[in-house]
Amino acid sequence: MVKFATPTYAVLGLGRFGSAVGRELMFDDATVVGIDLEESAVKRNNGLLSKVVQADCTDVATIEELGISEFDGVVVAIGGAHVEASILTCSLLVDVGVENLWAKSSGNAHGRILDQIGVPHAVHPEEAMGRRVAHLVRGANLDYVELSSGTAIVHTVVPTHVAGPLDEQALWQSHGVKVIAVRREDRWQPVLGHMALEAGEQVQIYGDSRRVEKFSRMAARRR
């Protein structure tokens with residue numbers, strides 16, 4: 001593998017999910033090598049990623065030749081009808097010692113197998129997006145990002161009864177949420193020191209998933 005000065009990542013599978021991951025990593029000034037067996041997928045990403053390679057990721061010789069184990073991180077974005085290829089690829093990567101390994105799971109059974117073969121990070125993009133959309137459909141949240149351990153960050157608005165000088169301790173005790181940012185002058189500003197909130201202005205709040213959801217619904221009713 002050629003040594004790069006910037007962090008290097010390999011994305012195996014260049015469908016919609018893999019392409020999106022690779023391009024987002026590029027925005028962070030990383031070196032991204034995309035690999036896919038399909039010529040059309042490679043052509044779509046040519047010039048968008050640092051390097052694209054048409055190769056079979058289920059072949060151990062390919063894994064060794066490309067030096068995948070030397071990358072700072074590897075994302076296996078193979079899924080859908082190619083679950084078997086995903087499992088075999090992940091198994092090979094675990095065997096060659098890839099530690100920062102992320103794999104797309106296409107379902108519960110797929111996820112369980114990835115866990116059993118030692119993949120440290122299995123992501124469920126469709127399930128996560130489904131939960132996010134469910135929160136948005138309710139109409140209380142402008143955006144919803146689920147974090148670990150049952151917590152979330154929600155983009156919502158300030159209800160009338162909370163407007164005024166921000167008392168962070170009182171807000172946490174009464175509603176279990178913390179305001180972390182407020183949108184003013186078309187940009188997000190962190191909440192620092194003393195600040196007054198206006199009814200109806202957009203804020204980002206953090207807290208237990210159920211508490212932030214309840215706060216957002218209250219804000220939706222009162223705005």
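Asp-186 sits in the loop between β10 and β11. Its phi is positive, at about 65°, although the residue is not a glycine. These values come from a predicted model. Glu-185 belongs to the loop between β10 (177-184) and β11 (187-190). Here too phi is positive, about 55°, and the residue is not a glycine. Glu-185 is exposed, with a relative accessible area of 69%.

The protein chain contains eight helices and 13 strands. It has 223 residues, of which 40% count as buried. Its accessible surface is about 12600 Å², and 51% of this belongs to carbon and sulfur atoms. Among contacts with a separation of 6 or more, 54% join residues 24 or more positions apart.

Six strands build an open sheet with parallel pairing, in the order β3-β2-β1-β4-β5-β6. β3 (51-54) and β6 (121-123) are the edge strands, each pairing on one side only. On average, neighbouring strands of this sheet are turned by 15° against each other, direction ignored. Helix α1 (residues 16-27) packs on the sheet and touches β1, β2, β4, β5 and β6. The direction of α1 makes about 170° with that of β1.

The bridges can be followed strand by strand. Strand β2 (residues 31-36) runs parallel to β3 and is joined to it by four bridges. Gly-34 has Val-52 as its bridge partner in β3. β1 and β4 are also parallel, with four bridges between them. There, Leu-12 has Val-76 of β4 as its bridge partner. Three bridges join β4 to β5, again in parallel. Val-74 is partnered by Leu-101 of β5.

Strand β4 is covered on both faces. Gly-73 and Val-75 lie on one side, Val-74 and Val-76 on the other, and all four are buried.

Helix α4 was examined next. It comprises 13 residues (residues 83-95). After α4 comes Gly-97, with a positive phi near 95°. The buried residues of the helix are Ser-86, Ile-87, Thr-89, Cys-90, Leu-92 and Leu-93. An α-helix has 3.6 residues a turn, so residues three or four places apart point the same way. The cover over the buried residues of α4 includes β1 (8-12), α3 (60-65), β4 (73-76), β5 (101-104) and α5 (108-116).

Ser-86 is part of this helix. Its relative accessible area is 0%, so it is buried. Beyond its neighbours within four places in sequence, Ser-86 contacts Val-76, Ile-78, Lys-104, His-110 and Leu-114.

The largest nonpolar core has 21 residues. Those with the most contacts inside it are Leu-12, Ile-35, Ile-68, Val-74, Val-76, Leu-93 and Leu-101. At least two residues of this core come from each of β1, β2, β4, α4 and β5. α4 supplies the largest share, three residues. Apart from this core lies another, of 17 residues, including Leu-171, Met-195, Val-203 and Phe-215. In soluble globular proteins, nonpolar side chains tend to be buried together.

Leu-166 lies in the loop between β9 (164-165) and α7 (168-175). With 17% relative accessibility, Leu-166 counts as buried, because the cut-off is under 20%. Neighbours within four places aside, its contacts are Leu-171, Val-179, Val-191, Met-195, Ala-196 and Leu-197. One of these, Val-191, is 25 residues from Leu-166 along the chain, with 9.5 Å between the two C-alpha atoms.

How values were computed:
Residues are numbered from 1 along each chain as its sequence is written. This is a predicted model: local features need pLDDT of at least 70, side-chain atom pairs count only at pLDDT 80 or more; totals for chains, interfaces and linings use all residues. Side-chain values use heavy atoms; hydrogens and water are left out. The expected span of a helix is 1.5 Å times one less than its number of residues. Buried means under 20% relative accessible area, exposed over 50%, partly exposed in between (1.4 Å probe, protein chains only). Contact means heavy atoms within 4.5 Å. Two strands pair if DSSP finds at least two bridges between them. Axes are lines fitted to C-alpha atoms, for helices over the stretch in contact, and angles run from 0 to 180 degrees between N-to-C directions. A nonpolar core is a set of buried Ala, Val, Leu, Ile, Met, Phe, Trp, Tyr and Cys residues joined through side-chain atoms within 4.5 Å. Accessible areas come from the Shrake-Rupley method with a 1.4 Å probe; for residues, only the protein chains shown count as cover.
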